[in-house]
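Visitor: I am new to this structure and would like a short tour. Could you take my questions as they come?

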Amino acid sequence: MAKILDQPRYKCALAAMQTVHAITGAIPVLHSGPGCAAKLNDNNGTSGRFSPNIFPCSSVSEKEVVFGGTGKLRSTIENALKVIDADLFVVLSGCTSEIIGDDIEEVAGNFENAEKPVLWAKTPGFKGNNYLGHDWILKSIFEQYLEREEVVTAYSDADGEVKKEKGLVNLFVAPPQQDPYWLGNLREIENLLTAIGLKPNTIFGFGRGIENLKKIPQAEYTILVSPWVGLESAKYLERRFGIKLLQYPVLPIGATETTKFLRTVQEFTGADKELTEKVITEKEAEFYYYIERFADTLLETRILGKRFTVASDSEYAIAVTKFLVNDMGLFPEKIFITDDAPKAHQQKIIDEVNNLNYGITTQVQFTTDGHDIHEQIKNADFAGTPLILGSNWEKKLAAELGAHFVNVSYPMLEKLVINDHIAGYSGGLHLLEQIFTAAMSKLKL
Ligand code: SF4
């Protein structure tokens, strides 16, 4: 039976142009229809040095569909190289150019000797969503950029061996923009790794970018904080450069999971154990200082029910459930996972959601049918006011049910996240602030 996609919570693979855009100095070149970038650009925080409104695009039309669009792509790249002051160009194909069989690899290959690197990645919307597209793009960039002569020279010694840097750790978390907290969470996890003596290497956001991309092969380890997104590109780095991979499937939110995360990283990387335990002791003490100070509000006012549900991608479904059960003592009603996670990963995700303290378990459903999610939430028994964590789609439902509602995932229309984070010890407190603000805003004067 055909799968129903009602109330979309992700976009097509080409929307992972946001992954290129997040690498400072890089710009996507779209070989797609003229409306794709405009349709796919509905996140906040996409203006700046380059914005999707100026992404070069071959604007494939009927003529190219009939006669082929490689000529138009070639001239688009030529002109982009002349007028756009970018350091890296990544050609991305959309549905139309893939359906007509244009060879973007060959066209990009014509620019092998251009002053700036021109790479390519296939991202037709009909092949998958932007969670997958993110991984495809990263893998293509690693495969092509890290093999360029000048880049190989930069990371190799006189014998042609990769110069490894002690303590350097590549870090990847969530797909830029698709996760509204992508940048704040990335920075917070960077800070935690730095605190235990590691040197995190990230390529996204302010002050990072292409110089860090070049350093990727020099890392001793890659840490991927994700249940499944980004796994193929991280595994590629392991195969090609022997960079050991730690896939940590839980975005750590709050004290319990963040402590577990730091201990796992310490053990995997051999980071200073004493320092790690010192950092954990200090961070936990600070976390619980705030919990204690607000214990009267959190525990005694009883403005929050005991049961919650999450309708979000695998990352937040796991992370939020663990935080609310293990740190806050709440009970999960059914959890809905909306990112179309591949079947091969689904059992592991279910097991991870249910790897909770006190033997607590819950039902987990993978679905893209927003109507069905809402009907099930309406019919669930929350034994009090429901707490719903989801996306903007759940806002109206929450109003209808009189539920407390916090938006943690795309689409996020009613909230602006600039560099806020909900990962780590302090991120757990930020999420608590949002949950209790949602509940307290219902109190009558
Ligand atoms: S699904 Fe295809 S046509 Fe639609 S925006 Fe994505 S790439 Fe463009």
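Predicted model: local features only at pLDDT ≥ 70, side-chain atom pairs only at ≥ 80, totals over all residues.

Visitor: How many helices and strands does the protein chain have?

Guide: The protein chain has 19 helices and twelve strands.

Visitor: And what radius of gyration does the chain have?

Guide: The protein chain has 23 Å, which agrees with the value near 22 Å that a compact globule of 445 residues would have. Along the principal axes, its C-alpha atoms fill a box of roughly 65 × 55 × 40 Å.

Visitor: What share of the residues is buried?

Guide: Buried residues make up 49% of the 445. As for contacts with a separation of 6 or more, 71% are between residues 24 or more positions apart.

Visitor: Which domains are assigned?

Guide: The assignment gives domain 1 (13–145), domain 2 (168–288) and domain 3 (290–440).

Visitor: How many residues of domain 2 are in contact with domain 3?

Guide: On the domain 2 side there are 29 residues, in contact with 33 residues of domain 3. Helices α9, α12 (254–269) and α13 (273–293) each supply at least two residues of the domain 2 side. Of that side, α9 gives the most, with seven residues.

Visitor: What classes of residue make up that side?

Guide: The side of domain 2 that touches domain 3 has 16 nonpolar, seven polar and six charged residues. The centres of domain 2 and domain 3, taken over C-alpha atoms, are separated by 23 Å.

Visitor: Back to α9, then. Which unit is it part of?

Guide: Helix α9 (residues 182–195) makes a right-handed β-α-β unit together with β4 and β5. Strand β4 covers residues 168–172, and four of its five residues are buried.

Visitor: Which strands are joined to β4?

Guide: Three bridges join β4 to β5 (residues 199–201), and the two run parallel. Strand β6 (residues 221–225) also runs parallel to β4, joined by four bridges. Residue N170 has a bridge partner in each: N201 in β5 and T222 in β6.

Visitor: A change of topic: where does N129 lie?

Guide: N129 lies in the loop between β3 (118–122) and α7 (130–145).

Visitor: Is N129 buried or exposed, and why?

Guide: N129 is buried, because 22 other C-beta atoms lie within 10 Å, and the cut-off for a buried residue is 20 or more.

Visitor: What does N129 touch?

Guide: Leaving aside residues up to four places away in sequence, N129 touches Y10, K11, C12, A13 and D340. C12 is 117 residues from N129 along the chain, yet their C-alpha atoms are separated by 4.2 Å.

Visitor: What about the backbone: which residues have a positive phi without being glycine?

Guide: Among them are S59, with a phi of about 45 degrees, and Y358, with about 60 degrees. Most residues other than glycine have a negative phi.

Visitor: Where are those two, and how exposed?

Guide: S59 lies in the loop between α2 (36–40) and α3 (62–67), and is partly exposed, with 17 other C-beta atoms within 10 Å. Y358 lies in the loop between α16 (343–353) and β10 (364–366). With 9 other C-beta atoms within 10 Å, Y358 is exposed.

Visitor: One last point: what kind of peptide bond joins Y410 and P411?

Guide: Y410 and P411 are joined by a cis peptide bond, with omega about -5 degrees. P411 is found in the loop between β12 (404–407) and α19 (424–440).

Note on methods
Residues numbered from 1 in each chain as written. Buried ≥ 20, exposed ≤ 12 C-beta atoms within 10 Å, placed from the backbone. Pairing = 2+ DSSP bridges. Right-handed = clockwise from strand over helix to strand, strands pointing away. Rg over C-alpha atoms; globule rule 2.2 N^0.38 Å. Contact = placed C-beta atoms within 7 Å. Domains from an automatic or database assignment. Nonpolar A, V, L, I, M, F, W, Y, C, P; charged D, E, K, R; others polar.
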